[in-house]
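Subject: Model handover

Hi,

Here is the structure for you to look over. My notes follow below it.

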Amino acid sequence: MSIATVSDKALLVAPKAPKPPAAETLVRIARQFGVNPLRQWKEMIILARGPGKLAADEYVSTGAFKAEFDMDAKKEFLGKTSSTAINEAANNRKFCATRGFVADKALYTYLLNKMGFRAAHNQAVAHTRRRLGDIPVLSGPDDIVDFLQNRAAYPLFGKPINGSGSIGSVLIRELDASSGTLKLGNGRDIDMHQFAREAVADYPEGFLFQSALRQHPELTRAVGDAVGALRILTIREKTGISVLYTLWKIPSPSAMSDNYWQDGSMIALIGADGQIEKCMTGAGPEHRALEAHPTSGVRFDEIQMPDMAQAHQLAIEAHSIFPEFGVVGWDMAMCEDGPTIIEANDNPYHVLYQVASGRGARNAEFGPRFEAVAAETKRMIGDDYATYKAREKAKMS
């Protein structure tokens with residue numbers, strides 16, 4: 001996990017690819033946490049080969065180096081590779097034929113709204129070839145400029161149709177019509193023509209404009225008006241769909257979105273009752289707990305997440321549309337008039353849970369449940385194949 005760098009682009013750029021920890025980082029860990037560099041290297045080798053497939057940079061960023069963890073606890077930490085493997089076993093690509101549909105942020109939120117679920121509202125999509133029924137399609141930079149000038153309802157949130165990690169996202173608060181300047185959520189201004197060209201050039205596969213959601217005023221009072229979405233992880237079990245964990249991704253005071261790799265962002269672990277159990281910021285040696293929000297001063301243990309039971313039920317019901325999925329990570333805004341789905345993730349990044357909780361996601365509680373989901377997916381695939389074979393045999397008789 002690395003931190004994004006400053007860019008002159010309007011759309012949020014990805015962080016640089018992580019590198020193995022530098023020698024000075026290992027020395028700092030040794031001095032600060034009492035784990036000598038030789039032990040760190042030995043553990044990095046063991047954990048990279050272990051079930052969590054924890055890369056060297058992830059060993060540092062997740063805090064798995066801490067002396068408070070014995071080797072069994074360290075092996076519960078997973079890296080991006082292992083996180084993806086868990087999701088692939090639960091959401092088999094051949095079995096979950098709708099993965100592409102769910103990943104399409106325009107179509108999926110449109111479906112949810114049509115089915116009566118509370119979800120983000122699509123205002124327009126920029127695409128050179130695609131048509132989307134009654135969703136307006138902007139075929140090029142000139143169309144985007146016309147939309148921004150004459151039809152957009154501000155504030156807007158823009159993002160690639162198929163993307164993750166908030167890469168390419170932008171919060172547009174308003175348009176200064178006299179200068180043709182867009183006022184962005186991070187305080188920057190950008191010429192709308194430059195923005196339109198950038199959106200088309202960088203994301204030819206499609207760029208989505210949605211109405212920016214307004215979060216619950218109690219949350220705005222505590223953390224500012226940039227929406228910090230909940231990440232609700234739902235899991236399909238034999239007894240039905242349930243919630244495994246809930247996180248709150250709290251944006252940095254200077255950020256437009258809530259992804260944790262942006263410098264100054266925070267992430268909180270939320271209990272089933274909506275109470276914040278802990279809030280963390282930073283990675284590696286800088287990873288630390290926060291008692292209060294750095295700008296507002298509001299204590300996190302005094303924040304009660306509103307409508308928590310309603311949010312969990314919404315995630316469970318939305319997951320039930322596609323029960324073939326074993327796990328789904330829901331990004332959900334807690335708005336004044338109720339929880340609202342932003343998007344669904346079929347490859348949720350379980351490393352975020354580790355950063356928020358300070359424990360590995362392959363722990364004694366979660367590990368068996370992930371394994372059970374994978375086994376159930378495999379069984380369902382077998383049953384479907386057996387049914388298909390029986391039908392083909394019947395045709396031949």
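At what angle do helix α5 and helix α13 pack, and how far apart are their axes? The angle between α5 (residues 80-90) and α13 (residues 366-396) is about 35°, and the axes are 7 Å apart. Axes here are lines fitted to C-alpha atoms, for helices over the stretch in contact, with angles running from 0 to 180 degrees between N-to-C directions.

First, the ground rules. This is a predicted model: local features need pLDDT of at least 70, side-chain atom pairs count only at pLDDT 80 or more, and totals for chains, interfaces and linings use all residues. Residues are numbered from 1 along each chain as its sequence is written, and side-chain values use heavy atoms, with hydrogens and water left out. Helices (H or I, at least four residues) and strands (E, at least two) are DSSP runs, numbered from the N terminus.

**The helix pair**

From α5, I86, A89 and A90 make contact (heavy atoms within 4.5 Å) with F370, V373, A374 and T377 of α13. Six of the residues in this contact are nonpolar, one is polar and none is charged. Nonpolar means Ala, Val, Leu, Ile, Met, Phe, Trp, Tyr, Cys and Pro; charged means Asp, Glu, Lys and Arg; the others, Gly among them, are polar.

**Helix α13**

The length of α13 checks out: its 31 residues should span 45 Å at 1.5 Å a residue, and its end C-alpha atoms are 46 Å apart. The expected span is 1.5 Å times one less than the number of residues.

Seven strands make an open, antiparallel sheet, ordered β12-β11-β10-β9-β8-β13-β14. Strands pair if DSSP finds at least two bridges between them. The edges are β12 (288-289) and β14 (338-345), each pairing on one side only. Eight antiparallel bridges join β8 and β9. L233 has Y245 in β9 as its bridge partner.

M266 sits in β10 (residues 266-270). M266 counts as buried because its relative accessibility is 1%. Its C-alpha atom is 6.2 Å from that of K249, 17 residues away along the chain.

**A buried loop residue**

H216 is in the loop between β7 (207-211) and α10 (217-223). At 16% relative accessibility, H216 counts as buried. Leaving aside residues up to four places away in sequence, H216 touches P306, M334, C335 and E336.

Best wishes

Methods: Buried means under 20% relative accessible area, exposed over 50%, partly exposed in between (1.4 Å probe, protein chains only).
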